[in-house]
Amino acid sequence: MSHIKWFDSPVQMASSNEIDVFVELIGGELDVALASVEAALEAGHHVVTANKALLARHGITLATHAEEKGVFLNFEAAVAGGILVIKVMRESLSSNRVSRIYGILNGTCNYILTRMFTESLSFKDCLADAQKFGYAEADPIFDIEGHDTAHKLALLTSLAFGTVISLDDVYVEGISNISQVDIRAADELGYHIKLLGVALKTDTGIEQRVHPAMVPTSSVIAQIYVCH
């Protein structure tokens, strides 16, 4: 390992003239993550990040900085990396007029709601299994209270509608209060419960919300289950 150069801090590495691309996977919207990405851009390095929290708060500022420096700020893995939705929205759909975005943006919540429906388990038991199998963090609040979905929705909304989005303006409600009573009542009425991120273009602006929603059992989105 003697031939590998080590750095005392990510910011120091990001500023180094010995790199071409800085990949940030630290997480979080402040402190080291923000400082290191800013340092990399200032040094004229391309940046790749999966940090949705950072981008939801500072994405416009960082993108402007990248443009001024003539470098790329790429973040495909920040939202639904497996289906390349960022690339599609930035390139293939850039000339389209989008009126609405909605979808399931958090796998942890979908896992929990799937098992609550298919196995009649409690929220608490499903969450414990999600943590056991690595689907949820030891502290799952970020996922189950909808904040992860809100960050992803803010990024998609900004791309879809070409506007600056304030994360604080997104209505956020998680799934921690969903019980078997809710799951069964929805089923009897012909619905499934899913945590959705929704963005709508209205006459007064852009409406953004994250919350559990009842979707018709016959709809495509209701059929998105997580296999166990």
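How many residues apart in helix 5 are Glu119 and Arg115? They sit four residues apart, so about one helical turn separates them. The two side chains form a salt bridge, with the closest N and O atoms 2.9 Å apart; the term covers a side-chain nitrogen of Lys or Arg within 4 Å of a carboxyl oxygen of Asp or Glu. Helices here are DSSP runs of H or I with at least four residues, strands are E runs of at least two, and both are numbered from the N terminus. Arg115 counts as buried at 5% relative accessibility, whereas Glu119 is partly exposed at 36%. For these labels, buried is under 20% relative accessible area, exposed is over 50%, and partly exposed lies in between (1.4 Å probe, protein chains only).

A word on the ground rules. The model is predicted, so local features need pLDDT of at least 70 and side-chain atom pairs count only at pLDDT 80 or more, while totals for chains, interfaces and linings use all residues. Residues are numbered from 1 along each chain as its sequence is written, and side-chain values use heavy atoms, with hydrogens and water left out.

Back to the charged pairs. Searching the whole structure turns up eleven salt bridges. One of them links Arg57 to Glu29 (3.3 Å, N to O). Arg57 belongs to helix 3 and Glu29 to the loop between strand 1 (21–24) and helix 2, so this pair ties together parts that are 28 residues apart in sequence. Both are partly exposed, Arg57 with a relative accessible area of 37% and Glu29 with 25%. Arg57 also meets Asp168 in a salt bridge (3.0 Å, N to O). Through shared partners, Glu29, Arg57 and Asp168 end up in one network. In helix 4, Glu91 and Lys87 pair up as well, at 3.0 Å between the closest N and O atoms; these two are four residues apart, or about one helical turn.

Next come the domains. The chain is assigned domain 1 (10–78) and domain 2 (100–223), with bounds from an automatic or database domain assignment. Their centres, taken over C-alpha atoms, are 28 Å apart. Nine residues of domain 1 are in contact with twelve of domain 2, where contact means heavy atoms within 4.5 Å. About 820 Å² is buried between the domains, and carbon and sulfur atoms give 73% of that; buried area is the accessible area (1.4 Å probe) lost by two parts on being put together, summed over both. Lys52, Ala56 and Arg57 supply 56% of what domain 1 buries against domain 2, more than any other three residues. Two salt bridges are counted between the domains.

Finally, the nonpolar interior. A nonpolar core is a set of buried Ala, Val, Leu, Ile, Met, Phe, Trp, Tyr and Cys residues joined through side-chain atoms within 4.5 Å. The largest one holds 54 residues, and Ile101, Ile112, Leu113, Met116, Leu156 and Ile175 touch the most other members. Elements giving two or more residues include helix 2 (31–42), helix 3 (52–69), helix 5 (107–119) and strand 6 (191–202), but helix 8 gives the largest share, seven residues. At least three residues come from each of domain 1 and domain 2. Leaving aside residues up to four places away in sequence, Leu113 touches Ile175, Ile178, Ile183, Ile193, Lys194 and Leu195. Another core of six residues lies apart from the largest one, with Leu196, Val198, Val215 and Ala222 among its members.
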